[in-house]
Amino acid sequence: MSTTTAGQLKEGLTKSGNRELLERWASQPVFTMFARYPDGTDKPAPVGEEPELLMVFYLEPGAAEAVAAESSSPEDGIEFYARQVELWDLARAARFYQCPLYWPEQELILSSAQLEVLGNTALVKDAIGSRRYTLITVLPLEGPAAAAGQPALLQRWAWLKEDDQAVDQEVEGKAHRILFDDRMNWGSDQGMPELPDDAVARSVLTPSEQQAFDRWAQPMLGLAHQPSLERKLPEGIQPLPGSPVPVSGLQSLAAMDELVQAFLLPGHQNLKLEVFDSALAPSDEATGEPEASDAPARFRHFRAVYLAQGASAPMALCEDSLLIDELENLPLALPEAPGLHPMPEALRARLLRYLAWELLHASRYADGVPFLMLGRMAGFLTAMPDNSGEPFYAQPDDPRYPYLARMTCGPASVPVIVIGEQDGDRVCVPVGNQSLPEADVPEDLPMGDEMVLDGELNIWGHAGMLRVPAGWLDCPEQWYSGTRLAAPWVVEQVRSGLYLMDFVTSEGGAKDKKVESAIGTVVTVSMIAFALFVLLLNLTGG
């Protein structure tokens with residue numbers, strides 16, 4: 001029996017400032033519904049109907065037990081039961097699963113700001129003795145180091161200004177930092193995610209900060225009984241003739257591609273090819289004025305767009321432009337009429353492979369989640385490598401391309417997406433940065449002299465592309481099979497970024513999520529409908 005009355009808790013949740021929420025109410029015991037599945041796994045159970053799902057809590061066990069008894073489904077082998085948890089832990093799960101938290105007895109839905117304070121914020125004492133609000137995000141891992149029930153090894157912290165009215169301003173000079181548990185051997189283990197230069201080790205934190213790190217490192221509600229966090233890779237994957245990518249890389253690619261198609265860009269019919277033409281009049285180099293005597297150059301533009309359900313406008317993924325005379329160099333026929341057309345299967349597969357490799361590469365870095373923007377996926381149809389005098393034309397029917405590889409250039413190396421071949425060389429898009437002094441630039445780099453500027457060769461990620469000898473490329477096994485950011489989490493971050501981009505660019509802004517219709521309705525179906533992250537974890541065996 002709780003010593004806190006419903007009136008006290010409601011007043012505390014609706015009227016308390018951030019400090020009181022954390023110091024008085026975050027540790028308040030409450031009861032919520034869990035579902036136990038035939039395989040023995042336990043997960044938080046929502047109420048409502050997809051997609052308007054809510055997590056619920058009760059102050060007394062009796063109310064939660066009564067709802068659980070009504071919700072059990074013997075025919076499905078799913079048993080619902082009431083479990084006591086601390087409010088902060090439930091708020092953390094609700095925030096992580098992007099699911100509202102509801103108190104039915106008081107008809108109270110906690111706001112997203114309240115969930116962020118209760119479930120993602122700690123009040124810690126720093127090295128100079130100041131108490132600071134700290135926003136904490138756990139970065140889930142998958143792979144060999146992500147054993148079942150093991151504490152989280154990576155977290156992202158934002159040290160915030162101490163303001164009881166608003167936890168929304170970062171401390172100057174600290175901002176976001178990646179924190180890692182240095183009780184693991186990160187430096188010498190090539191299979192671990194790469195840390196940024198300013199990453200902070202757990203050992204250098206204050207005792208108060210270490211306590212917060214360890215608290216958030218514990219398994220989240222619903223994930224503690226997972227049999228394994230190691231992803232299940234597709235079976236039956238065979239080596240691709242002529243491809244240097246090992247089977248482990250093809251397995252990881254297939255798993256990421258499945259996630260992309262299921263949750264990031266679902267629906268083949270929603271991926272379209274937009275076609276439009278333009279003309280550009282030649283100009284006099286001296287005056288810049290149009291040359292009346294010459295016919296304008298005519299271009300045809302091809303843009304890959306995705307028509308997301310509920311989005312305010314199509315999302316542009318990549319675009320290429322060709323002179324009309326160049327179209328005959330493409331290995332496939334493309335639509336000519338302006339407008340939206342079904343995406344040719346070969347182009348669709350190439351685009352999705354590129355995106356899956358891009359996300360797989362990003363998952364190797366603790367701070368590597370990309371934000372998709374128009375032009376990021378280069379070489380969709382054609383491109384002009386920085387060190388080639390001839391344009392490159394893609395071969396969409398060649399399943400070997402694109403792929404993720406390591407490019408070794410003299411004493412340095414840089415990750416690249418290899419998008420095709422040109423005269424025996426490989427055309428690559430760098431996805432990392434590197435600088436070499438002129439003396440270290442290999443002689444077999446095409447047009448190497450023209451690539452050196454002020455005594456250095458500078459390679460910038462996602463800024464142009466290079467034509468390099470095939471011997472410069474290899475595919476390290478650990479790049480594909482090592483411990484990395486969990487693919488489901490990476491996909492969800494990119495998905496959230498796409499929705500944010502749509503919100504920013506839309507005229508009316510995002511529509512408010514309607515949750516009222518879900519109130520009081522109990523879910524009696526599988527937890528697969530619970531939240532996107534749980535869906536993704538199930539898909540990959542997490």
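**Exercise 1. Find how many bridges join strand β1 to β2, and which way the two strands run.**

Step 1. Locate strand β1 at residues 29–36; strands (E, at least two residues) and helices (H or I, at least four) are DSSP runs, numbered from the N terminus.

Step 2. Count the links: three bridges join β1 to β2, and the two strands run antiparallel. Two strands pair if DSSP finds at least two bridges between them.

Step 3. Pick out one link: Phe34 has Pro44, in β2, as its bridge partner.

A word on the model before we go on: it is predicted, so local features need pLDDT of at least 70 and side-chain atom pairs count only at pLDDT 80 or more, while totals for chains, interfaces and linings use all residues. Residues are numbered from 1 along each chain as its sequence is written, and side-chain values use heavy atoms, with hydrogens and water left out.

**Exercise 2. Work out the strand order of the open sheet of three strands.**

Step 1. Read across the sheet: the order is β2-β1-β5, with antiparallel pairing.

Step 2. Look at the edges, where β2 (42–44) and β5 (79–86) each pair on one side only.

Step 3. Follow the twist, which averages 45° from one strand to the next.

Step 4. Contact means heavy atoms within 4.5 Å; axes are lines fitted to C-alpha atoms, for helices over the stretch in contact, and angles run from 0 to 180 degrees between N-to-C directions.

**Exercise 3. Identify the buried residues of helix α1 (residues 6–15).**

Step 1. List them: Leu9, Gly12 and Leu13. Buried means under 20% relative accessible area, exposed over 50%, and partly exposed in between (1.4 Å probe, protein chains only).

Step 2. Look down the axis of α1: its buried residues fall within an arc of 90°, so they line one face of the helix. The arc is that of the directions from the helix axis to the C-beta atoms.

Step 3. See what they pack against: α2 (18–25), α4, β6 (101–103), β7 (108–110) and α5 (112–120).

**Exercise 4. Say where confidence is lowest and where it is highest.**

Step 1. Start with the whole protein: the mean pLDDT (the predictor's confidence in each residue, from 0 to 100) is 80, and 79% of residues reach 70 or more.

Step 2. Compare elements: helix α12 (residues 532–540) is lowest, at a mean of 39, and strand β26 (residues 473–474) is highest, at 96.
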